[in-house]
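Here is a friendly briefing on the structure shown below.

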Amino acid sequence: RLRSDACCFLSPPLTSLSGLLLRCTIDNRVTRVAWLNRSTILYAGNDKWCLDPRVVLLSNTQTQYSIEIQNVDVYDEGPYTCSVQTDNHPKTSRVHLIVQVSPKIVEISSDISINEGNNISLTCIATGRPEPTVTWRHISPKAVGFVSEDEYLEIQGITREQSGDYECSASNDVAAPVVRRVKVTVNYPPYISEAKGTGVPVGQKGTLQCEASAVPSAEFQWYKDDKRLMEGKKGVKVENRPFLSKLIFFNVSEHDYGNYTCVASNKLGHTNASITLFELNEPTSSTLLQEVTTTALTPWKGPGAVSEVSNGTSRRAGCAWLLSVLVLHLLLKF
């Protein structure tokens, strides 16, 4: 609120990077002048009355009397008065300073690791003038909107889908909102999401795969007939990744076929799945000969076919050609 008269006028406070400027415009009728904060005299003429080093006299002329308050904080809020003395009587002009402060998060929960099904409480305390609004939201593709419009976020019976980053935002329109994040890790026992059997011919390379989701990541073990398969077994290799294990056979033999058990475990539990490595038969030479002979003895019934009686010579020539194809295939195979 500003009040002025003919001898003095108080300009609205000006703020800058250096501080707050309080300026009082006066005329030649003024004989004495002073700046006050509430009932405390800051400056009287050129004389400084306060002990605060942040208060500085900027101008004392016939037309202007100005002071500056450097590094303004909330304790500087309140009424400031420019008091002048003329030949007749004293006059004053007053302005009330409201200090606005950008939001600041002064306390927030640390990252947390918790077992699935337990309860959690997250805290985010912020200061500012005006008092900032605090909100929480889950940073997740499936999350929609805010999960809490309060300093505190309570989650009952947390699930693995609720793991991830939670963002606290504090805003009061004085400056851009400030944000901080808390990482929530939800631990749960393994479950095997994929375990498929596979067929491989003798002498070929075969791979059994076992995928498991878990937090912390699962450790994998492979068994056959209750006997654990150790890394380094001849012709067999185990490759483990955080969520995937592979049992690799470089040269499958008859002895390798059968049921295998994949066991996935972490500190919260374990699970297993049975996976079968079965024999996949390749076409034999006798099967191929049978297919070729059947093809050779089957008359063509399509358009333009020649009758069987008049085509004996053509059939013998066709059989000889097919037989040569078979012999070439066998030579290439062996």
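This is a predicted model: local features need pLDDT of at least 70, side-chain atom pairs count only at pLDDT 80 or more; totals for chains, interfaces and linings use all residues.

Residues are numbered from 1 along each chain as its sequence is written, and side-chain values use heavy atoms, with hydrogens and water left out.

**Confidence along the chain**

**Overall make-up**

- The chain holds 25 strands and two helices; these are DSSP runs numbered from the N terminus, with helices being H or I of at least four residues and strands E of at least two.
- Of its 334 residues, 34% count as buried, where buried means under 20% relative accessible area, exposed over 50% and partly exposed in between (1.4 Å probe, protein chains only).
- The accessible surface is about 20900 Å², and carbon and sulfur atoms account for 52% of that; areas come from the Shrake-Rupley method with a 1.4 Å probe, and for residues only the protein chains shown count as cover.
- Among contacts with a separation of 6 or more, 59% are between residues 24 or more positions apart.

**Nonpolar cores**

- In soluble globular proteins, nonpolar side chains tend to be buried together.
- The largest nonpolar core here has 22 residues; such a core is a set of buried Ala, Val, Leu, Ile, Met, Phe, Trp, Tyr and Cys residues joined through side-chain atoms within 4.5 Å.
- The residues with the most contacts inside this core are L208, W222, L247, F249, Y260 and L277.
- Two or more core residues come from each of β19 (206-215), β20 (219-224), β22 (236-240), β23 (244-249), β24 (258-266) and β25 (269-279).
- Strand β19 gives the most to this core, with four residues.
- Leaving aside residues up to four places away in sequence, L208 touches a list of residues including W222, L247, F249, Y260 and L277, along with K196, T198 and I275.
- There is also a second, separate core of 20 residues, whose members include L22, C24, Y80 and V99.

**Disulfides**

- The count comes to three disulfides, each being a pair of cysteine sulfur atoms within 2.5 Å.
- C24 is joined to C82 with an S to S distance of 2.2 Å, and the torsion about their S-S bond is about -85°, so this disulfide is left-handed.
- C24 sits in strand β3 (residues 19-26) and C82 in strand β9, so the pair ties together parts that are 58 residues apart in sequence.
- In the link of C124 and C168, the sulfur atoms are 1.9 Å apart, and with -75° about the S-S bond this link is left-handed.
- That pair links distant parts of the chain, with C124 in strand β13 (residues 120-129) and C168 in strand β16 (residues 164-171), 44 residues apart.
- C210 and C262 are joined at an S to S distance of 2.1 Å, and their torsion of about -85° makes the disulfide left-handed.
- C210 belongs to strand β19 and C262 to strand β24, so this pair, 52 residues apart, also links distant parts of the chain.
- Relative accessible area is 0% for C24, for C82, for C124, for C168, for C210 and for C262.
- Counting bonded cysteines along the chain, the pattern is 1-2, 3-4, 5-6.
- C50 is buried too, at a relative accessible area of 13%.

**A loop residue: T86**

- T86 lies in the loop between β9 (78-85) and β10 (90-97).
- Is T86 buried or exposed? T86 is buried, because its relative accessible area is 8%.
- The side chain of T86 reaches the backbone oxygen of H89 at 2.9 Å.
- T86 and T31 are 55 residues apart along the chain, yet their C-alpha atoms are separated by 5.5 Å.

Note on methods
Contact means heavy atoms within 4.5 Å. A polar contact is a pair of N or O atoms within 3.5 Å; within protein, one must be able to donate a hydrogen and the other to accept it, and residues adjacent in sequence count only if both atoms are side-chain atoms.
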